[in-house]
Amino acid sequence: IAKLNNLENITSPALNAIGEVYIVLKDYPKALSFLEKQRKLYEDGNVNDGLGYALYDIGIVYEEMNQLDSAMSYEMQALDLFKRLNHEEPLVFKVLGNIELKSGNLSKALSYYQQGLQIAIQNNERRASATLYNKISSFYKTTNRADSGIYYAQKGLKESETISHKKTILEAAALLSGFYEEKNAEEALRYLKIANIYKDSLFGAGN
């Protein structure tokens, strides 16, 4: 509808949303095709945050496919563009953290996650806060620091529940179930049940 009426300001976020759904479904070639279409809307030099989100999400696709140099390039472009628009997007720092983690730079990865979380809290962006709490928890799982991991996953779960965000509820509950597996079987099972409910509601065969 937006394309038929030449409404670029609506075409751009629609393409972005479709691209993001394909990222969640891990269909990266399809995600990339929609995000590239979004990026090309700005080839005339008319820049707004839509281009920033196109670059950010293209970076995610490359990070998920472990093409880390390309991912870093797109995330840095997104960071630069958002800066020019006087906007800080906390989730860019999440992806930068992921790239550093995969590159083996642990302290840099944690620093990016914490930077993103600080911005998200400051701007009251609860979906971003929930995502970054979970990312920091996952980082501590990787580095075998269970107590810190549980702390951040519980913060992530609480934040997710306040906005009923299924994807981050699933992530936090799955993390908590894993952390409690060797500590407290009852708690592990409780969180596993929560994770399974949300996994089914997001990715069940009927959906």
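**Close-up A. Salt bridges in the predicted model.** The model is predicted, and it holds 6 salt bridges. Among them are the pairs Glu 63 with Lys 102, Lys 167 with Glu 171, and Arg 190 with Glu 187.

**Close-up B. The salt bridge between Glu 63 and Lys 102.** The closest N and O atoms of Glu 63 and Lys 102 are 3.0 Å apart. Glu 63 belongs to helix α3 (residues 49-64) and Lys 102 to helix α5, so the bridge ties together parts that are 39 residues apart in sequence. Glu 63 is buried, at 5% relative accessible area, whereas Lys 102 is partly exposed, at 39%.

**Close-up C. Lys 167 and Glu 171 in helix α9.** Their side chains form a salt bridge with an N to O distance of 3.0 Å. The two residues are 4 apart in helix α9 (residues 166-180), so about one helical turn separates them. Lys 167 is partly exposed, with a relative accessible area of 34%; Glu 171 is also partly exposed, at 28%.

**Close-up D. Arg 190 and Glu 187 in helix α10.** The closest N and O atoms of this salt bridge lie 3.0 Å apart. Arg 190 and Glu 187 are 3 residues apart in helix α10 (residues 185-203), so about one helical turn separates them. Arg 190 is partly exposed, at 41% relative accessibility.

**Close-up E. Packing of helix α5 against helix α6.** Helix α5 (residues 90-102) and helix α6 (residues 106-122) pack at about 170 degrees, with axes 8 Å apart; the two are therefore roughly antiparallel. The contact residues comprise 10 nonpolar, 4 polar and 3 charged. They include Phe 93, Leu 96 and Leu 101 in α5, and Tyr 112, Tyr 113 and Ile 119 in α6.

Notes:
Residues numbered from 1 in each chain as written. Predicted model: local features only at pLDDT ≥ 70, side-chain atom pairs only at ≥ 80, totals over all residues. Heavy atoms only, no water. Axes fitted to C-alpha atoms, helices over the stretch in contact; angles between N-to-C directions. Parallel < 35°, antiparallel > 145°, perpendicular 65-115°, else oblique. Contact = heavy atoms within 4.5 Å. Nonpolar A, V, L, I, M, F, W, Y, C, P; charged D, E, K, R; others polar. Salt bridge = Lys/Arg side-chain N within 4 Å of Asp/Glu carboxyl O. Buried < 20%, exposed > 50% of the residue type's maximum accessible area, 1.4 Å probe, protein only.
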